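Student: Could we go through this structure together, taking one part after another?
Tutor: Gladly; please have the sequence and the coordinates open while we talk.

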Amino acid sequence: MAKGALSRVLRGKGLFCAVLCFGWQAAQATPCPTVVPGLISPGQLVMATNPTLPPLQYVTVDGRIAGMRMELGDELARRLCLKPVFLSTSFAQLTLGLLEKRWDVINTGMFYTSQRAKLMEMIPYEIQAISVSLNNDTTLRPARLEDLSGTSVGVEMGGIEERHAREADQALRASNRPGLEIKTFQNVGIAFAALRAKQITAVLSIDAVAQRNAHQGGVRPVLAGLYPTAVALALRDPALAQQLASVLEGMRQDGTLARLMAPYGVAPFPGHITVSKPHFSDNTR
């Protein structure tokens, strides 16, 4: 083939590839909504998190807030054509800050409860379950949480793990068996530090956090998949909540939600994603 002809063919192929690329990008583009209601700061989606649950939400060595839920927040903001803004705060401040309009969304893996749904607009989008982790050199082999009768158990203060630990403790004592010595910690990272130091016997945490700590060494989950429960975004503004629920449902339908969660061992909420009210079931078990 002559050099000039070859050049024309290559230019033609390049143009063809560019057209295909442009078409793919156009197909992937999400139309911006004309109005995003209820924002505390125009053009921004301000999300608060308690970044103490690696790999789902944590602070990197250079001070960035990272993790699966930040990736989720980035995608939500992108589809709404907003700038994502992440704020770090304690778990205890999340609800109060939302009601005081300091942020638009609580994006911290908050478990759905009917009590919380009376205060906030909640959008279940994820299923999380609980693991029981022990020190690597323990001889205990529990088949269920109640088999830890008479031992000390660490939990994050105020979390659903504490709720289930206290339920198990009450059941044990009602059957005239030694209960659980429940130790509450400001965050689950401190609880795992206590477990590695052998100051407690076990830690209850969500499955993904238990796996992350096992990879770091010294501890291992011996029970997993306990008490599967819906995890939700929480918002103050009903109109903004409806819009975010629609975006999440679109992500579920096009497979984005499952692809985003898969590397972290997290499951999307089954079925249609919508804003849920207090009558919604707290647990999916």
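**Strands, helices and a ring**

Tutor: In the predicted model, Glu156 finds its bridge partner in strand 9, namely Phe185.

Student: How many bridges join strand 8 to strand 9?
Tutor: Strand 8 covers residues 152-156 and strand 9 covers residues 181-185, and the two run parallel. The pair Glu156 and Phe185 belongs to this pairing. The number of bridges that join strand 8 to strand 9 is five.

Student: Which hand does the β-α-β unit of strand 8, helix 5 and strand 9 have?
Tutor: The unit consists of strand 8, helix 5 with residues 160-174, and strand 9. With the strands pointing away from the viewer, a path from the first strand over the helix to the second that runs clockwise counts as right-handed. The unit made here is right-handed.

Student: Over which ring does the charged end of Arg212 sit?
Tutor: A charge counts as sitting over a ring within 6 Å of the ring centre and within 35 degrees of the ring normal. The charged end of Arg212 lies 5.4 Å from the centre of the ring in question, which belongs to Tyr58.

Student: Against which elements do the buried residues of helix 7 pack?
Tutor: Helix 7, residues 207-216, has as its buried residues Asp207, Ala208, Val209, Ala210 and Asn213. After the helix comes Gly217, with a positive phi near 100°. The buried residues of helix 7 pack against strand 2, strand 7 (121-135), helix 6 (188-196), strand 10 (202-206) and strand 11 (219-235).

Student: What percentage of the 285 residues in the protein is buried?
Tutor: The protein has nine helices and twelve strands, and it exposes about 13,700 Å², of which carbon and sulfur atoms supply 57%. A residue counts as buried under 20% relative accessible area, and the buried share of the 285 residues is 49%.

Technical notes
Residues numbered from 1 in each chain as written. Predicted model: local features only at pLDDT ≥ 70, side-chain atom pairs only at ≥ 80, totals over all residues. Heavy atoms only, no water. Pairing = 2+ DSSP bridges. Helix = DSSP H or I, 4+ residues; strand = E, 2+ residues; numbered from the N terminus. Buried < 20%, exposed > 50% of the residue type's maximum accessible area, 1.4 Å probe, protein only. Contact = heavy atoms within 4.5 Å. Areas by Shrake-Rupley, 256 points an atom, 1.4 Å probe, with all protein chains shown as cover.
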